[in-house]
Amino acid sequence: MNRLNPPPRLLMGPGPINCYPRVLSAMSTQLIGQYDPVMTGYMNEVMSLYQQVFKTNNQATLLIDGTSRAGIEAVLVSCIEPGDKVLVPIFGRFGHLLQEIAERAGAEVHTIEVPWGEVFQPEQVEDAIKKIRPKVLAMVQGDTSTTMLQPLEHLGEICRRYDVLFYSDATASIGGNPFETDQWQLDAVSVGLQKCLGGPSGSAPITLSERYVELVRKRHHVEAGIRSEHHENGEASRIRSNYFDIPMILDYWGEERLNHHTEATSMLYCARECAINLLEEGIENCIVRHKLHGDAMAKGAQGLNLKLFGDQSNKMTNVVGVYIPENVDGEKIRSQLLEDFNIEIGTSFGPLHGKIWRLGTMGYNARKDAVLHTLQSLETVLRRAGHSMSAGAAVDNALGVYSGA
Ligand SMILES: *Cc1c(COP(=O)(O)O)cnc(C)c1O
């Protein structure tokens, strides 16, 4: 077996992306015991760091061990009892994922949809809530499959009026686009590290409002083997997943420190470093940086004579969709970029499969040199494939964005 030696790729797709160097170092830091006071101290620090990242005062702010969908699954399986109504507005691949996970949790799922490349107006969501009267509204903020950013700021108020729990998956958008948990009145939010936060996949930070926690506490069933006399079962049905049982996970992260899983220590180090990195840069500065490099990439792509995909007024800062020109083989271009230039860009799913590429500028790779290298390389590959464009326009366009900034 050869030694581990992955090629030095530049990951310019919709995620994962290259890690910040300090996050990489954090992962190779030595392990400590699960109840070492240093470890529980780190857990408390992570809670307070992610309160700042999520912009919330929620006490229940912690990590779910697993990739982003572990966070989604924990939030949904803990609050959905079989037969509960859930409304999922779908504007891309990850809306379908929320539907799928809610259905598996036993929900009666209702969906509304807009075409890929668009987002919902608040009235559309309110009308559906009025009609369906769901217990939960589950909605993605930034859906990388379409590059769209769903405005959430008016939906929390609507949810409160109809007594609906408001959950959002902000995995792809957090850190690179505005997100306000408390101000927008969200009850649950889950994310991952591998997009704008600049870490690897494998940890899912979540935050939960008091309203959410109160509701799931009614389903509290401490597992045999760690139970003591003072543990009483909640009046509501037992949560169907042990691993994603939020009341038990809260007991582990809370004062009782009741054993549940073994916290994924290396991933916790990573998540901690990602948050510190973001907060040291400043959330606002980080959003501005993502917007700058995202704009440079989009303008550069236009210089390649590529057409941008989707409603540009509701686009995420950190990923741009471009139509694959008619006369070229999209997969061949991607593999040439990878083989000759060590650059990865994204393909697409579902109705957009074979139609658009997705160019990401996020986390560590939201950088001028990464954008310029990608554009220059893509120009070479496209030109050699017979696509016509004005030579040098891509990099010039991007440089124009930088000098205007
Ligand atoms: C990328 C992405 C994910 C990733 O989920 P994983 O389980 O980490 O693969 C989840 N949600 C959204 C909206 C994403 O864009």
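Val140 touches Gly92, Phe94, Gly95, Leu98, Gln150, Ser168 and Asp169, leaving aside residues up to four places away in sequence; two residues are in contact if their C-beta atoms, placed from the backbone, lie within 7 Å. This is a predicted model, in which local features need pLDDT of at least 70, side-chain atom pairs count only at pLDDT 80 or more, and totals for chains, interfaces and linings use all residues. Residues are numbered from 1 along each chain as its sequence is written.

**Val140**

- Val140 belongs to strand β5 (residues 136-140); helices (H or I, at least four residues) and strands (E, at least two) are DSSP runs, numbered from the N terminus.
- Val140 is buried because 31 other C-beta atoms lie within 10 Å; a residue is buried if 20 or more other C-beta atoms lie within 10 Å of its own, exposed if 12 or fewer, and partly exposed in between, with C-beta atoms placed from the backbone.
- Glu255 is 115 residues from Val140 along the chain, and the C-alpha atoms of the two are separated by 32 Å.

**The whole chain**

- The chain contains 13 helices and 13 strands.
- Its radius of gyration is 22 Å, close to the 22 Å that the globule rule gives for 405 residues, so the chain is as compact as a globular protein of that length. The radius is taken over C-alpha atoms, and the rule is 2.2 Å times the number of residues to the power 0.38.
- The C-alpha trace spans about 75 × 55 × 40 Å along its principal axes.
- Of the 405 residues in the chain, 51% are buried.
- Among contacts with a separation of 6 or more, 73% join residues 24 or more positions apart.

**Domains**

- The chain is divided into domain 1 (31-279) and domain 2 (283-404), with bounds that come from an automatic or database domain assignment.
- The centres of domain 1 and domain 2, taken over C-alpha atoms, are 31 Å apart.
- Contacts between the domains involve 23 residues of domain 1 and 24 residues of domain 2.
- The side of domain 1 that touches domain 2 has nine nonpolar, eleven polar and three charged residues. Here Ala, Val, Leu, Ile, Met, Phe, Trp, Tyr, Cys and Pro count as nonpolar, Asp, Glu, Lys and Arg as charged, and the others, Gly among them, as polar.

**Helix α8**

- In helix α8 (residues 246-253), the buried residues are Ile246, Met248, Ile249, Leu250 and Trp253.
- The elements that cover these buried residues include α2 (37-54), β2 (60-65), α3 (68-79) and α7 (210-217).

**Arg358**

- UniProt, in an unreviewed entry, places the feature "binding site" at Arg358; UniProt positions are given in the numbering used here, feature names are shortened, and annotations may be inferred rather than shown by experiment.
- Arg358 is in strand β13 (residues 356-360) and counts as buried, with 23 C-beta neighbours inside 10 Å.
- Residues that Arg358 touches, not counting those up to four places away in sequence, include Gly13, Thr144, Val319 and Ser348.

**Backbone features**

- Most residues other than glycine have a negative phi, and most peptide bonds are trans.
- A cis peptide bond, with omega about 5°, joins Gly15 and Pro16; Pro16 is in the loop between β1 (10-11) and α1 (21-27).
- Lys55 has a positive phi, near 55°, and lies in the loop between α2 and β2.
- Asn342 also has a positive phi, near 60°, and lies in the loop between α11 (330-341) and β12 (343-344).
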